[in-house]
Amino acid sequence: MSTPTPRKIAFIGAGNMTQSIVGGMVKSGYPADHIFVSNPSDAKLNTLKERHQLHVSNDNAEIAQQAEVIVLAVKPQLMADVCADLSRRVPNLDSKLIVSIAAGIRIPKYRQYLNENITMIRVMPNTPSLVGEGVSGLVADDRASAADKAFIEFAFDGVGQTLWVADEDELDILGAVAGSGPAYFFEFMASLQKAAVALGFDHEKARAMVQQTALGAATMAIDSDLELEDLRKQVTSKGGSTAKGIEVYQAADIDDISEQAVRAAVARNQEMAKLF
Ligand SMILES: NC(=O)C1=CN([C@@H]2O[C@H](COP(=O)(O)OP(=O)(O)OC[C@H]3O[C@@H](n4cnc5c(N)ncnc54)[C@H](O)[C@@H]3O)[C@@H](O)[C@H]2O)C=CC1
Ligand SMILES: O=C(O)[C@@H]1CCC=N1
């Protein structure tokens, strides 16, 4: 996608997600002098400033006042306080585009916290955004224009793939699959690594074989038109060793485990919508 007309964009919170999104935007040609980032402490701000020559501040409201787009990138638990401060100190919030990447909290809540008339897009990214291989789910309210949506799509295309979803229920599900997903894959990779160690490999070799296998499998899944199940079958020779390993996973009902995990994460997103 071509670079949209630059708008001044303020990121509230300089954590992992902000660092990756800002890095992706700059790499895609977005002018760094249109990017503002705030955080209570200086270390992450200094790194961002050195790396990209963008504007930084310890004062959320100061950068929000100057911006046309405000990205809320703090933990859900802090959102109410952060928004209360912005709504007290930033005039014309309803003339800006508000974006949140926080899990759970829904658009009507932001209207309560900030202003009933805001225009809002919610995005659910994931940590592989840090290496440009993220997935970001997006959902916009009825007030967001085509230009607003294109602008935010550009910002998140810089760190991976973007997927528009129909509503906030779907965003909760995408969050439980793709937002949390890297943790599930790491958990599985770590367990395979532990198995290799249990059978005699040292930690380093075990990790090398697991991570390269994960990369290889993911690359094959992306490059192939085959269903994942068929790719699995290609590895599983009749009467061979993989079949025995797969039998163990299937006996533990891996499909049911994954469904339960996703349902539990969706339920927590719904809970956070009520709590914060
Ligand atoms: N980490 C993940 O996998 C994902 C996280 N998210 C969401 O992204 C948001 C941020 O997550 P991360 O970047 O991972 O967290 P993080 O903990 O790395 O970053 C949060 C940043 O906010 C700063 N902060 C704390 N209080 C603040 C305040 N009052 N004003 C401004 N900044 C403040 C912290 O110092 C920190 O730098 C969360 O709401 C989370 O739900 C969404 C998708 C995936
Ligand atoms: O665990 C969380 O709440 C966030 C949202 C998706 C990934 N991390």
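Biologist: Which residue does UniProt list for "binding site" in the unreviewed entry?

Modeller: UniProt positions follow the numbering used here, feature names are shortened, and annotations may be inferred rather than shown by experiment. For "binding site", the unreviewed entry lists N60.

Biologist: What should I know about the model and its numbering?

Modeller: This is a predicted model, where local features need pLDDT of at least 70, side-chain atom pairs count only at pLDDT 80 or more, and totals for chains, interfaces and linings use all residues. Chains are lettered from A and ligands numbered from 1 in the order in which they are written, while residues along each chain, as its sequence is written, are numbered from 1.

Biologist: Is N60 buried or exposed?

Modeller: Buried means 20 or more other C-beta atoms within 10 Å of a residue's own, exposed 12 or fewer, partly exposed in between, with C-beta atoms placed from the backbone. N60 has 25 other C-beta atoms within 10 Å, so N60 is buried.

Biologist: Which helix holds N60, and what is N60 in contact with?

Modeller: Helices are DSSP runs (H or I, at least four residues), numbered from the N terminus; strands are E runs of at least two. N60 is found in α3, residues 60-66. Contact means C-beta atoms, placed from the backbone, within 7 Å. Leaving aside neighbours within four places in sequence, the partners of N60 are I12, S38, V82, D85 and L86.

Biologist: What does L72 touch?

Modeller: L72 is among the residues with the most contacts inside the largest nonpolar core, which has 57 residues. Such a core is a set of buried Ala, Val, Leu, Ile, Met, Phe, Trp, Tyr and Cys residues joined through C-beta atoms within 7 Å. Not counting residues up to four places away in sequence, L72 touches I12, M79, V82, V99, S100 and A102.

Biologist: Which element gives the largest share of the shell around ligand 1?

Modeller: The shell takes residues whose C-beta atom, placed from the backbone, lies within 6 Å. For ligand 1 there are 26, the closest being G13, G15, M17, A102 and A103. Elements giving two or more are α1 (16-27) and α4 (76-89). The largest share, three residues, comes from α4.

Biologist: Which residues surround ligand 2?

Modeller: A103, one of the closest to ligand 1, also belongs here.

Biologist: What separates the centres of domain 1 and domain 2?

Modeller: Bounds come from an automatic or database domain assignment, giving domain 1 (9-171) and domain 2 (181-274). Eight residues of domain 1 are in contact with five of domain 2. Taken over C-alpha atoms, the separation of centres is 32 Å.

Key: Two residues are in contact if their C-beta atoms, placed from the backbone, lie within 7 Å.
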